[in-house]
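Have a look at the sequence and the structure first, and then read on.

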Amino acid sequence: MYFNIRRPSGPTPYPVIGNVLSLIGENPPWNIFRDMTFKYGPIFSVKFGSFWTVVINNHELTQEALLTKFNDFSGRPYSYNFEWFTDNGKDIAFAQPTPTWKFHRKLAHSAIRKYATGDLETLVQEVIPKVRDVFADKAGTPFDPKEVITLAVYNIIASMCFGHDYNFKDPHLLRFIKLSEEINGSFGNGTLADFIPAARFLPSKQVNIFQNATKEFLAMILTEVNQHLKTYSTDEPANDVIELLLKTQKDELETDSSASKLTDVHIKQIVSDLFIAGTDTSTSSLLWAVACMIDYPDVQEKIKKELGDVIGERPPQLGDRGKLPYTEAVIMETMRFGTVVPLSLPHCAIKDSTIGNYKVPENTWVFINTWALHNDSKYWDSPEKFKPERFLDSTCTVKQRLPSFLPFSTGRRGCVGEALAKAQIFLIFTWLIQNYKFEKAPGVTGDVAIAGRPQQINFIKSYQTVAHSRY
Ligand code: HEM
């Protein structure tokens, strides 16, 4: 049967470069892909250099690829950039689905669970006075909230992974942020060598920037691991992610020979993944959330009222989440509206398979156009509008597991940090709205919740706000 069906059709590729040229420009690739569905349907093929890629643009086919056939599509494509960043796939996000990857994923999950269910509250409380100082410095004058939100999120992930935080002006922290932005920027744009393997031997400014940033970033993480190796005794309880990984490494050594599944290099790469995957995504989500509050002041006031009615003036806690349905609906709508990882992470067919009525041969790259899912008018009424109520039922209860809503993807490769990200965004966002009223900077007209330059992460266009203290 497989031999009687075709690969999905799509635009004709040029020799050597494939369809890469049609994706260059100001129009984001997720938009271009969605436009292609009008001609080719919800699934089509494009060629990136020498690699065939199938792009999925609807809920039904996404479910088939990620849930029904998770075994067939849980690979990651080969990429020169990924290979460099991951020391040949020794991390979680870009590794192939081997038993070692499964073990690392499970470890990261259990490390993160500890924070997502409790310890995170303490970390957020520790960072809040620093955020408050920044807002006090601004004293009601216009500013771009990106810097302070970025510093807060990085500090929280640093405390979680390294067991210590930073002063907001610490050059080390500022360097971390700069390097991580450079790395994320390169992942998003890809390089010629990602699509045409022979191009890795050509000189390239972009590749140099990426490789230098990666080297320095990984060296900084390794310094933290080495510091822990000097000071942490694995007989003591683990208080941060590196300690937890070192403790597991020792237990593994004592119980069986599989210790090579968790070398110091693996530890460095796992921690790097948590930083790269967990910081800019959460920062971007919070920036979208604040921007939407500026554009929709009535929504902002409804949240403030719900917070006042339910928790009063005390700081929000994770246990409050189920009691604040409107606030939760706003956070979910922000994740749909902003869709911070619009093309998810690329998957790869690890065996010959099918999606819909089409064949998808082994090694085909598979892109999920999450942005198209989040804007599909079959599931979302006026998807271009910001409407938190769409996530509430007639009894004002939050609708769970809505179809065509996958900000964290799903299935075997779904986001490891989903619980942590949701908890962190909830705690920071509710604290911000409880304490400040965000308004447009004087003279600004039109919406501020607008996407910026397209990258792997859908960062919002820079905007200014005035934050008035509510107390
Ligand atoms: C709003 C915040 C976040 C969003 C929207 C998000 C979204 C995603 C998406 C779409 C994927 C790709 C899943 C796939 O390939 O099917 C992913 C993977 C991943 N995320 Fe997140 N993420 C967020 C925060 C975090 C955080 C806080 C962490 C950890 C600290 C994290 C760790 C990871 C890891 C390790 C993977 C790779 C999983 C694998 O390949 O097996 N993410 N995330």
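I24 sits in the segment before α1 (29-40); helices here are DSSP runs of H or I with at least four residues, strands are runs of E with at least two, and both are numbered from the N terminus. A word on the source: this is a predicted model, where local features need pLDDT of at least 70 and side-chain atom pairs count only at pLDDT 80 or more, while totals for chains, interfaces and linings use all residues. Residues are numbered from 1 along each chain as its sequence is written, and side-chain values use heavy atoms, with hydrogens and water left out.

With a relative accessible area of 61%, I24 is exposed. The scale is simple: buried means under 20% relative accessible area, exposed means over 50%, and partly exposed is in between, using a 1.4 Å probe and protein chains only. Together, Y14, L21 and I24 make a nonpolar surface patch of about 360 Å². Patches are built from residues with over 30% relative accessible area and no salt bridge, joining like charges within 9 Å and nonpolar side chains (Val, Leu, Ile, Met, Phe, Trp, Tyr) within 5 Å. The areas come from the Shrake-Rupley method with a 1.4 Å probe, and for residues only the protein chains shown count as cover.

## Around the iron and its ligand

Which protein atom is the donor of the iron atom of the ligand? The only one is the SG of C415, at 2.3 Å. C415 belongs to the loop between α13 (370-374) and α14 (418-435). Donors are N, O and S atoms within 2.8 Å of the metal (3.2 Å for Na, K and Ca); water is not among the atoms, so sites may look incomplete.

The ligand has 27 residues around it, and R76, R105, H347, S409 and C415 come nearest; a residue counts as near if one of its heavy atoms lies within 4 Å. R76 has a side-chain N or O atom 2.8 Å from an oxygen atom of the ligand, and H347 also has a side-chain N or O atom 2.8 Å from a ligand oxygen. For R413, a polar side-chain atom lies 3.1 Å from an oxygen atom of the ligand. Two or more residues of the shell come from each of α4 (99-138), α10 (264-295) and α14. The largest share, 6 residues, is given by α10.

## Salt bridges

The count of salt bridges is 21, taking a side-chain nitrogen of Lys or Arg within 4 Å of a carboxyl oxygen of Asp or Glu. One of them pairs D87 with K268 at 3.7 Å, N to O. This pair links distant parts of the chain, 181 residues apart: D87 is in the loop between α3 (80-85) and α4, and K268 is in helix α10. D87 is partly exposed at 29% relative accessible area, whereas K268 is buried at 10%.

Within helix α14, K422 and E418 are 4 residues apart, about one turn of the helix, and their side chains meet in a salt bridge of 2.7 Å, N to O. K422 is partly exposed at 34%, and E418 is partly exposed at 28%. Elsewhere, shared partners join D87, K90 and K268 into one salt-bridge network.

Key. Polar contact = N/O pair within 3.5 Å; in protein donor to acceptor, adjacent residues only side chain to side chain.
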